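Here are my notes on this model, point by point. Please read them with the structure open.

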Amino acid sequence: MCTLEKRGEIFFLTLTADDEHRLNPVLIDSLRSALRQAKDQSTRGSALVTAARGKFFSNGFDLAWAQSAAAADAGGGSAHDRLLHMVEMFRPAVADLIALPMPTIAAVTGHAAAAGMMLALSHDYVLMRSDRGVLYMSELDLGMTFPDYFTALVRSKVGSSATRRDILLKAAKMRAAEAVVMGIVDSVHDSGEATVEAAVRLAEELVKRKWDGEVYADIRKSLYPELCGILGLASKGVVASPRL
């Protein structure tokens, strides 16, 4: 599960369910509900900070759920079918973040693997702690291919072709300092607390600009046309009254 708290103009989305924060249908639904609340309550100059409790930011899809008898009772079908169900459930969650009408900041306070790394990269800014945690796309090691929106997200957010190769075709485990050099992470901090504090400081600077959220979201979508095409996000062509 996750919680959403608003302090001033900053929304704090926190993954709280368990230590690994694996993305199963319950957590994905909770995440999307929180993002809808943030969108509905947003005003000019809002921002979102996402963090997680414990050792992990998110360890990706809940493969144990896909293979469990409980999951079979809940949804039926094979483990492969249930994994595909999670993949398709997570797609609109990524779209929600890409279309959210405010700046978004991921405070990566622990490991972010597979879909968990994709959750982080779906934010505008990624801050990471240096003392613990890696970014890791584990699919190759697990013998799995990537959903189309995963590869589009990596192509959209990671500028270097060599880095994209290392992420997807080498399954490289990247610590924070290396991820900064690769252009994946914006800044590195000494602890989880320091990472969240830095994310809040960045959010405070951004909300001072009082940007129109719909304009912000439309410009964001225009930056990632391939990703938005796959996610089914169309630019609204927002034209707001200029602030002179």
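1. Terms and basis. Two strands pair if DSSP finds at least two bridges between them. Helices (H or I, at least four residues) and strands (E, at least two) are DSSP runs, numbered from the N terminus. This is a predicted model: local features need pLDDT of at least 70, side-chain atom pairs count only at pLDDT 80 or more, and totals for chains, interfaces and linings use all residues. Residues are numbered from 1 along each chain as its sequence is written, and side-chain values use heavy atoms, with hydrogens and water left out.

2. The six-stranded sheet. What is the strand order in the open sheet of 6 strands? It runs β1-β2-β3-β5-β7-β10, with mixed pairing. β1 (2-7) and β10 are the edge strands; each has a single partner, so one side of each lacks a neighbour in the sheet. On average, neighbouring strands are turned by 20° against each other, direction ignored. Axes here are lines fitted to C-alpha atoms, for helices over the stretch in contact, and angles run from 0 to 180 degrees between N-to-C directions.

3. Strand β3 pairs with β5 in the parallel sense, over 3 bridges. Thr-50 stands opposite Ala-106 of β5. Strand β5 (residues 104-108) is in turn joined to β7 by 4 bridges, and these two run parallel. Ile-105 faces Tyr-125 in β7. Ala-106 has Val-126 of β7 as its bridge partner. Val-108 has Met-128 of β7.

4. β7 and strand β10 (residues 187-189) run parallel and share 3 bridges.

5. Is β5 mostly covered or mostly open? It is mostly covered: 5 of its 5 residues are buried. Buried means under 20% relative accessible area, exposed over 50%, partly exposed in between (1.4 Å probe, protein chains only). Thr-104, Ala-106 and Val-108 point one way from β5. Ile-105 and Ala-107 point the other way, and all of these are buried. Strand β7 (residues 125-129) is also mostly covered, with 4 of its 5 residues buried.

6. Strand β8 (residues 135-136) and β9 run antiparallel, joined by 2 bridges. Leu-135 stands opposite Met-174 of β9.

7. Helix α1 against helix α4. The axes of α1 (residues 25-41) and α4 (residues 79-99) come within 10 Å and cross at roughly 15°. That makes α1 roughly parallel to α4. The cut-offs: under 35 degrees is roughly parallel, over 145 roughly antiparallel, 65 to 115 roughly perpendicular, and the rest oblique. The crossing is left-handed, meaning the near helix is turned anticlockwise from the far one by less than a right angle; clockwise would be right-handed. From α1, the contact takes in Pro-25, Ile-28, Asp-29, Leu-31, Arg-32 and Leu-35. From α4, His-85, Met-86, Met-89, Phe-90, Pro-92, Ala-93, Asp-96 and Leu-97 take part. Contact means heavy atoms within 4.5 Å. The residues of this contact divide into 10 nonpolar, 1 polar and 3 charged. Ala, Val, Leu, Ile, Met, Phe, Trp, Tyr, Cys and Pro count as nonpolar, Asp, Glu, Lys and Arg as charged, and the others, Gly among them, as polar.

8. Helix α7. How many of the 10 residues of helix α7 (residues 148-157) are buried? The count is 7, and the helix is mostly covered. The buried residues are Tyr-149, Phe-150, Thr-151, Ala-152, Leu-153, Val-154 and Lys-157. They pack against α4, α5 (115-121), α6 (139-142), α8 and α12 (225-231).

9. Two backbone points to inspect. His-21 is not a glycine, yet has a positive phi of about 50°. His-21 sits in the loop between β2 (10-15) and α1, and is buried at 1% relative accessible area. Ala-171 likewise has a positive phi, near 50°, in a residue other than glycine. Ala-171 lies in the loop between α8 (161-169) and β9, and is buried at 8% relative accessible area.
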